[in-house]
Amino acid sequence: MNQKDAAKDKYVAQRRLSSQWHERAKTVFPSEGATHFARIFNPFRPYITHASGINKWDLDGNKYIDYVLGHGALLLGHNHKDIVEAVQEQVARGVLYGENHTPEVEWAELIQEMMPGAEKIMFFPCGNEANMMAVRLARVHTGRSKILRFEKHYHGWSDELASPAETGVNQDQVTIIPQNDLGRLEEELSSKQYAVLFTEAGGAFLGGRTPLEPDFVKLIPTITRKYGTLWTLDEVVTGLRFAPGGWQSIVGIKPDLTTLGKCIGGGLSAGALVGRTEIFEPLKPGGVSGRQVMHGGTWNANPLTAAAGIAACKLLKSGEPQIKAAESASYFRQEGNKLLKEKGISGAFYGKSSIVYLYLGPVDYFTSDDTLPPVKDLDKLADPAMMPVFNRLLLHLLQRGVSNLIGSIYIFSYLHTKKDLDHTLCALSDALQNMLAEGAFKS
Ligand SMILES: Cc1ncc(COP(=O)(O)O)c(C=O)c1O
């Protein structure tokens with residue numbers, strides 16, 4: 001038996017109950033027993049029974065420091081006292097009135113206070129649906145149908161916003177171009193066929209694994225306005241997480257529409273579309289003849305999510321949890337990079353705010369600023385060839401009580417302490433050492 005199998009066998013042996021439930025899951029869920037593509041993992045991700053703060057525990061009693069944090073929704077950690085209280089109180093009063101209620105208004109007002117561009121707000125059950133409505137409203141507003149997007153930017157899985165690599169999607173009206181290419185952007189927009197340009201805030205994938213250049217981004221509003229295209233900034237990940245006013249408040253830009261999700265719901269499922277009043281006019285019954293848009297959705301702004309959202313927004317409004325989480329991420333990046341150097345592993349931890357990405361491969365340059373990507377060719381940062389190594393790293397990390405996203409993305413809460421981070425760095429060091437012994441970094 002080689003060492004790779006030994007590590008996997010040990011992982012499975014210490015997760016007997018998870019293993020049994022995974023077998024059951026495979027018979028009901030089509031994606032290797034997983035309910036999200038990011039949770040597909042060989043042999044399996046652990047089956048979690050409960051969570052608290054930045055920890056979660058599996059069926060077999062294994063404890064993890066959590067860097068998945070609800071796919072980024074839990075900047076405030078699991079089960080924050082204020083959110084638990086708000087949800088418990090609301091459950092007792094009823095979870096779905098199918099009527100107007102005051103929490104939905106209060107929640108919207110809180111978001112409005114944080115995001116000055118949010119003249120009007122619409123709520124949805126998730127970010128995916130907020131993006132779908134952004135497409136619809138942009139089409140009605142401009143009278144055009146085409147959508148312009150950037151390569152690798154993720155906006156959910158709806159037909160026109162899914163990855164072009166997916167099968168079964170209809171993307172006849174979609175053009176995808178490289179990010180940071182001003183000439184190409186202007187060339188496409190000048191055709192005046194596009195209703196909307198979609199951009200992930202920060203850059204492609206979870207706040208900017210492949211970052212957008214700030215100078216490029218700052219030119220987007222001028223150029224989209226010039227050619228009559230609306231700009232939708234997808235802040236589903238970064239909204240409220242990077243700052244109360246989102247990534248746009250840090251960069252100093254104002255999109256026409258912004259989509260939100262994750263953090264705004266305090267851990268319950270939520271999405272929102274915010275922007276200029278005039279773009280939302282077609283929602284008014286009989287307001288704009290021939291340009292009516294209907295907004296249905298059983299779960300829109302349901303009282304339970306609104307209660308959790310209000311509690312979360314009140315905590316996030318000060319901006320302090322965001323600063324604390326970003327400080328932890330910064331410490332982790334610096335120490336993680338020291339570890340890679342010590343071990344002679346080519347790669348880097350990088351990223352802005354409270355999300356850290358690991359790149360493994362040849363490094364073009366190191367600067368003292370580890371928020372910057374370590375290579376000039378940004379395509380390399382999301383190279384699928386790195387996935388087997390990240391999967392192996394994830395196995396070793398989970399075995400050592402660290403849970404992250406796809407082996408390479410660490411999402412921080414304001415609750416991670418220095419002790420948690422040092423524990424994680426120890427686990428990482430040990431995991432990398434094992435992988436060196438396995439020859440995992442040889443190409
Ligand atoms: C940038 C971005 N936009 C949209 C979505 C879709 O949001 P949801 O999963 O809430 O539908 C995601 C999900 O991860 C995302 O990362």
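These legends walk you through several close-up views of one predicted model.

A few notes before you look: the model is predicted, local features need pLDDT of at least 70, side-chain atom pairs count only at pLDDT 80 or more, and totals for chains, interfaces and linings use all residues. Residues are numbered from 1 along each chain as its sequence is written, and side-chain values use heavy atoms, with hydrogens and water left out.

View A. Around the ligand you will find C126, G127, N128, N131, Y154, H155, G156, E200, D234, V236, V237 and K262 (a residue is near a molecule if one of its heavy atoms lies within 4 Å of it). A polar backbone atom of G127 sits 2.9 Å from an oxygen atom of the ligand. For N128, a backbone N or O atom is 2.8 Å from a ligand oxygen atom. D234 uses its side chain: a polar atom there lies 2.7 Å from a nitrogen atom of the ligand.

View B. Most residues other than glycine have a negative phi, and most peptide bonds are trans. K262, one of the residues surrounding the ligand, has a positive phi near 40°. This lysine belongs to the loop between β11 (257-261) and β12 (271-275); helices (H or I, at least four residues) and strands (E, at least two) are DSSP runs, numbered from the N terminus. Elsewhere, N42 and P43 are joined by a cis peptide bond, with omega about 15°. P43 is in the loop between α2 (16-28) and β1 (48-52).

**View C. Helix α4 against helix α9.** Helices α4 (residues 102-114) and α9 (residues 303-316) pack at about 30°, their axes 9 Å apart. Axes are lines fitted to C-alpha atoms, for helices over the stretch in contact, and angles run from 0 to 180 degrees between N-to-C directions. The two helices are therefore roughly parallel (angles under 35 degrees count as roughly parallel, over 145 as roughly antiparallel, 65 to 115 as roughly perpendicular and the rest as oblique). Contact means heavy atoms within 4.5 Å, and here the residues from α4 include W107, L110 and I111, while those from α9 include G309, I310 and C313. By class, this contact has nine nonpolar, two polar and three charged residues. Ala, Val, Leu, Ile, Met, Phe, Trp, Tyr, Cys and Pro count as nonpolar, Asp, Glu, Lys and Arg as charged, and the others, Gly among them, as polar.

**View D. Helix α3 against helix α9.** Helix α3 (residues 81-93) packs on α9 at about 155°, with 8 Å between the axes. That angle makes α3 roughly antiparallel to α9. Among the contact residues are I83, A86 and V87 of α3, together with L304, A307 and A308 of α9. The class count is 11 nonpolar, one polar and one charged.

**View E. Helix α10 against helix α12.** Helices α10 (residues 320-343) and α12 (residues 418-438) meet at an angle of about 25°, and their axes are 10 Å apart. They are therefore roughly parallel. Residues of α10 including Y331, F332 and L339 meet residues of α12 including L421, L425 and L428. This contact divides into nine nonpolar, five polar and four charged residues.

Key:
Polar contact = N/O pair within 3.5 Å; in protein donor to acceptor, adjacent residues only side chain to side chain.
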